Amino acid sequence: MLNILLLGPQGAGKGTQGKLISAEYGVPHIATGDILRAAMAAGTEVGRRVQPIYDSGRLVPDDLMIELIRDRLREEDTRRGFVLDGFPRTAVQAEALDAVLEEIERPLNVVFEFQLPEEVCVERLTRRAHDEGRIDDTPEAIRTRLQLYHEQTEPLVEYYRLRGILVGIPADSPVEDVFAEIQKALEQVAVR
């Protein structure tokens, strides 16, 4: 079983690396951003509730995110493992994730912290907004998201370091080099 959590600022490459890990190791990539964008595109009740929050760059309320993740982690395709990307983003969410994982008896094996200078994050997000037509990646929303990351998510680095499962990954290298670092770390996790 391979249960992985990806932490890092927006634009650090978590989505790209999550998809590579998923393809290589045969576990689903669970990206909360994708789940939320699909709900908004489909016009579901959840989608309508989160649209204005999401568009402004603010964090979706903990209770809603916890509910979405709890439901997703109970699906059959996560039995062999998962790559969780974009959750948790707050201490409350981290504690709720611990409770959910304990309930389903699937603890995290490793937490990858993607390390990247903020100016590179801004550059990548600005390029993504243009290349992918992401209307939620406005300059104002990007600044808000990065500020929230530093205030609310970055403290989780220490939370997972204290548990002995945090691995820092320099994320300013080419995609293939970052993935090679992840693979080396996963080999070490398999040995534990």
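A: By class, five nonpolar, four polar and two charged residues make up the lining of the largest cavity; here Ala, Val, Leu, Ile, Met, Phe, Trp, Tyr, Cys and Pro count as nonpolar, Asp, Glu, Lys and Arg as charged, and the others, Gly among them, as polar. The model is a predicted one, in which local features need pLDDT of at least 70 and side-chain atom pairs count only at pLDDT 80 or more, while totals for chains, interfaces and linings use all residues. Residues are numbered from 1 along each chain as its sequence is written, and side-chain values use heavy atoms, with hydrogens and water left out.

The lining consists of Leu-6, Leu-7, Gly-8, Gln-10, Lys-14, Gly-86, Phe-87, Pro-88, Arg-89, Tyr-149 and Thr-153. A cavity is a set of points, on a 1 Å grid over the protein atoms alone, where a 1.4 Å probe fits but cannot get out, and lining residues have an atom within 4 Å of a point. At least two lining residues come from each of β1 (2-7) and α7 (139-153); helices (H or I, at least four residues) and strands (E, at least two) are DSSP runs, numbered from the N terminus.

The largest cavity holds about 50 Å³ of space, a volume being the space filled by probe spheres set on the grid points, which are joined across faces, edges and corners. In the whole structure, the search finds one cavity of 30 Å³ or more.

Notes
On a 1 Å grid over the protein atoms alone, a cavity is a set of points where a 1.4 Å probe fits but cannot get out, and a pocket is an open set with protein on both sides within 12 Å along at least five of seven lines; lining residues have an atom within 4 Å of a point.
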